[in-house]
Amino acid sequence: MPPPDGFTLLEELRRRIDPDDVVPLIVLTADVSLEAKARALGAGAHDLLTKPFHYGELLLRVRNALAVRARHRELRCRAEAVTAQLEERLQADRRAAQHRLDIRDRVQQVLAAPLPMVFQPIVDLRDGAMVGVEALARFAPGDGALRTTAEWFGEAASVSLGVDLELLALRSALTVLDGLDDAVFLSINASPSAVMTDAFAELLDGLPAAGHLVLELTEHDQVAAYDELLGALGPVRARGVRLAVDDTGAGWSGLQHVLRLTPDLIKLDRELIVGVDGDPARRALVAAMLHFAAETGAAVVAEGIETTAELQALRELGVAFGQGYLLSPPVPASSLVVAARRARALTAAATIPAATVAGSDPPVRSLAVAVGGAAVGGGASVGLSRVSHELRTPLNAVIGFAQLLGLEPLSPAQQDALRHLRAASGHLL
């Protein structure tokens, strides 16, 4: 059997080589005809040399062919990496889309029925009387996963159903309004986005007891359009609904937020209350907030009171109203009478008497401003240079606004508090 000629061998090599790979093939031939060149290149040769040829030229052509192969492999690796990245992103997008569908389906199931609500008493810290209740939504773990209330509302917002869920919670909360004592207000939570909808205004239409409502404006993102928000709040407040700013001292609910909205109640965030009995900086900051509230015509409610020591410290400072698990956890509406009785007994058992507080009526009757006159307490100047990082922003905010408004403390205790704040500001500004 005769050996195969060069062209047959070339065709067989090309057949066996991976079509996605580059294996340089150089044909060396004595046939200088155009037909031979065409056949060789057509069979897959990358280059062709005809005899006689110089050995150096051959080396250069081989080097160039190998460089082409190396470049091809590099580009192929890059293409494979890009393809893998695109596939990974595609899979991630598919998972995210499915996750959004799952969230939307879960929230829509919740929207189909009234929400279970619980109510946390808001107590007059002077005598323990329940003056209001804050309505809080509760959710069942529909898919077996436990989620906080904040997570439920956050997920709903992520699929553009946040306002819908807020309105459902508001409708569910308002069902207990008629059953509350005349001396007790109902505090409901709503974001600026919800307040600025027509559906929110319609929700309040026809309520005979709007004067017993407190609207807690919850906001953990910056308000982009205060004028629009104030325009929406105007008719609501004209109907007698009182305005509270929630979580003051956390997120965007700072003094600028308070100053722009001029609320009837300022609710101090748990972050400012925790450990207030042993933290001179927090005590001074609460005292400054009390003075700020007095100058702006607002009442102060301390949130998240969890220890007797915190309660006693707040009473010393002159905080008139508060809520927290110490006084009562959130309970069903049917348990509010028992919860109110427990809060009154606990407050009466406090060993340190409450400071003299301006005004004697709770918020539902007059929203009297509580301004303490008691001393801040021993050691108030100790350790202010070590104020924790998370308090620096609200601390500077109080100092800045006090200077901006030209406020002077009303009592020696508050003068001491603000002097400590100003002394600490040298370490913080």
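Student: Which residues on the other side of α13 are exposed?

Tutor: Val 337, Val 338, Arg 341 and Ala 348 are the exposed ones there. This is a predicted model, in which local features need pLDDT of at least 70 and side-chain atom pairs count only at pLDDT 80 or more, while totals for chains, interfaces and linings use all residues. Residues are numbered from 1 along each chain as its sequence is written, and side-chain values use heavy atoms, with hydrogens and water left out. Exposed means over 50% relative accessible area, buried under 20%, and partly exposed in between (1.4 Å probe, protein chains only).

Student: Which residues of α13 are buried?

Tutor: Leu 336, Ala 339, Ala 340, Ala 343 and Thr 347. Seen down the axis of α13, the buried residues fall within an arc of 100°, so they line one face of the helix. The arc is taken from the directions that run from the helix axis to the C-beta atoms. An α-helix has 3.6 residues a turn, so residues three or four places apart point the same way.

Student: What do the buried residues of α13 pack against?

Tutor: They pack against β3 (117-124), β4 (130-137) and α12 (308-317). Contact here means heavy atoms within 4.5 Å. Helices (H or I, at least four residues) and strands (E, at least two) are DSSP runs, numbered from the N terminus. By that count the protein has 15 helices and 10 strands.

Student: How do you know that the span of α13 agrees with what a helix should give?

Tutor: The expected span is 1.5 Å times one less than the number of residues. For the 13 residues of α13 (residues 336-348) that should be 18 Å, and the end C-alpha atoms are 18 Å apart, so the two agree.

Student: At what angle do the axes of α11 and α12 cross?

Tutor: The axes of α11 (residues 280-296) and α12 cross at roughly 45° and come within 10 Å. That makes α11 oblique to α12, since angles under 35 degrees count as roughly parallel, over 145 as roughly antiparallel, 65 to 115 as roughly perpendicular and the rest as oblique. The axes are lines fitted to C-alpha atoms, for helices over the stretch in contact, with angles from 0 to 180 degrees between N-to-C directions.

Student: Which residues meet where α11 and α12 pack?

Tutor: Arg 283, Val 286, Ala 287 and Leu 290 in α11 meet Ala 313, Leu 314, Glu 316 and Leu 317 in α12.

Student: Why is Gln 120 called buried?

Tutor: Its relative accessible area is 8%, which puts Gln 120 under the 20% limit, so it is buried. Gln 120 lies in strand β3. Leaving aside neighbours within four places in sequence, its contacts include Gly 132, Glu 134, Tyr 325 and Pro 330.
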